[in-house]
Amino acid sequence: MVSPLSLSKKVCVIGAGPSGLVAARELRKEGHNVVVLEQRYDVGGQWLYEPNVESEDPLGKKKFLQVHSSIYASLRLISPREIMGFTDFPFLVKKGRDTRRFPGHRELWLYLKDFCEHFGLREMIRFNTSVEYVRMLEYDEIGKDLKWMVKSRDKSSEEMAVEEVFDAVVVATGHYSHPRLPTIKGMDTWKRKQMHSHIYRVPEPFRNEVVVVVGNSLSGQDISMELMEVAKEVHLSAKSLNITEGLSKVISKHENLHLHPQIETLQEDGRVVFVDGSWLIADTILHCTGYSYTFPFLDTKGMVAVDDDRVGPLYEHTFPPALAPSLSFVGIPRKIIGFPFFEAQAKWIAQLLSGKRTLPSREEMMDSIEEFYRSRDAAAIPKHYTHDIGDFEYCDRYGDHIGFPHLEEWRKQLCLSALVNADANLEAYRDSWEDHELLQEALQSPHFTQLGAEDLTF
């Protein structure tokens, strides 16, 4: 129920992926008038697979990308489905669909479609609508009665861009689209094929090639294992040669998969020279080097900036002190159990806008941010890892701001169990596990029994 004292605001949510959908739901629940602008033809954000990537720059260097999703055809979840659902909408197995604990990407997209239909969110969404520019309107005092002009364009028609005024803007555009590229001597003049994993989809184009994969994150490892089935050789270049037991097992089993240190230079004759002096001639370099935060449509007069992947200043990774709560961000943090955290963010934003809750003063928020930055510096954590949380306790403390329930112990333990299993059994962890007791505890918990099977399965 909405409090009779609640204020109803006109709110623009940018993006209809997981964070945008739950933001729209919570905002509407608080009585706000919500418009969601989504550039694709359906919900899902990153999870709406895009097979056609020919229009995209191979290294993703353009300001506005043509392709949003970085999902490749064979991608499966790296976390078990039990931990991934929103708190009141479990990610259940459904008949006739992908029933695996670590399903393929399409199953998570279908879950998000189910979430959208179950809560009637589609009526708030304008599809095929690109956001071109977001700016503050003239104001007397920053943060007081601030309004935003949002310029958007319907990509399916020839009509002019539309400008609308909103009381608040929620940015929920994700952070797995804009490639983060390494700096390698000779990279700009290397004449052979280079691409970022953002546009990798299937291994077949690399048949019989010598491929260098830069970066050994889980996606880099997954893609390397897929490529070794068709490529002549796959050479994985890593920052550290201190690799997991699981990756070591894979390399020892396959003669065409090799581990190297970082690249020193790329030479015009096709040579790739590594920092240990070894070299090879490659056909393709595939950069699996992660993604950067970027908001090319957003003009805050410099009050929010991205500096080496630090989006800031943001109080609790969500609110810019000078502009909150009229501007907020959902889905910035990484290395968390995402969906429940996005839900907590969405609830906090919605209740701030309705007047049910208030933020600390601007000065207190800035003090908190600066103390956080100092703690990261003291721990020698590089700036580009600012939003890597990796801390269940932080997620619980975040929820305390609005009385959001703490993560269940089984959810935390299933997450850790999957990470440990992946480290030890890289090729098999998605299909072979030993956390059966935890799994049963999860399935018998209120999270999975709250709505009854008749409400969510078919």
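## Basis of the description

Two strands pair if DSSP finds at least two bridges between them. Helices (H or I, at least four residues) and strands (E, at least two) are DSSP runs, numbered from the N terminus. This is a predicted model, in which local features need pLDDT of at least 70 and side-chain atom pairs count only at pLDDT 80 or more, while totals for chains, interfaces and linings use all residues. Residues are numbered from 1 along each chain as its sequence is written, and side-chain values use heavy atoms, with hydrogens and water left out.

## The five-stranded sheet

An open sheet of five strands is arranged in the order β9-β16-β10-β11-β12, with parallel pairing. Its edge strands, β9 (193–196) and β12 (257–260), each pair on one side only. From one strand to the next the twist averages 20 degrees; axes are lines fitted to C-alpha atoms, for helices over the stretch in contact, and angles run from 0 to 180 degrees between N-to-C directions.

Strand β10 (residues 210–214) is joined to β11 (residues 233–237) by five bridges, and the two run parallel. In β11, S237 is the bridge partner of V214. Between β10 and β11 the chain passes through helix α3 (residues 218–227), and this β-α-β crossover is right-handed (with the strands pointing away from the viewer, the path from the first strand over the helix to the second runs clockwise). Four bridges join β10 to β16 (residues 284–287), again in parallel. In β16, T284 stands opposite V211, and H287 stands opposite V214.

## Burial of strand β10

Five of the five residues of β10 are buried, so the strand is largely enclosed by the rest of the structure. Buried means under 20% relative accessible area, exposed over 50%, and partly exposed in between (1.4 Å probe, protein chains only). In a regular strand the side chains alternate between the two faces of the sheet. In β10, V210, V212 and V214 point one way and V211 and V213 the other.

## Helices α8 and α9

Two packed helices are described by the angle between their axes and the distance between the axes. For α8 (residues 409–424) and α9 (residues 436–443), the axes come within 9 Å and cross at roughly 145 degrees. W410, Q413 and L414 of α8 make the contact with L438, L439, E441 and A442 of α9, where contact means heavy atoms within 4.5 Å.

C415 is also found in α8. C415 counts as buried, at 14% relative accessibility. Leaving aside neighbours within four places in sequence, C415 is in contact with I83, I337 and F392.

## Loop residues

D388 lies in the loop between α6 (362–378) and α7 (392–400). D388 is buried, with a relative accessible area of 11%. Not counting residues up to four places away in sequence, D388 touches R334, K335 and R376.

Most residues other than glycine have a negative phi, and most peptide bonds are trans. N128, in the loop between β3 (125–126) and β4 (129–136), has a positive phi near 55 degrees and is partly exposed at 26% relative accessibility. N208, in the loop between β9 and β10, has a positive phi near 65 degrees and is exposed at 59%. The loop between β20 (310–312) and β21 (327–329) holds P313, and the peptide bond from G312 to P313 is cis, with omega near 0 degrees. P325 lies in the loop between β20 and β21, and the peptide bond from A324 to P325 is cis, with omega near 0 degrees.
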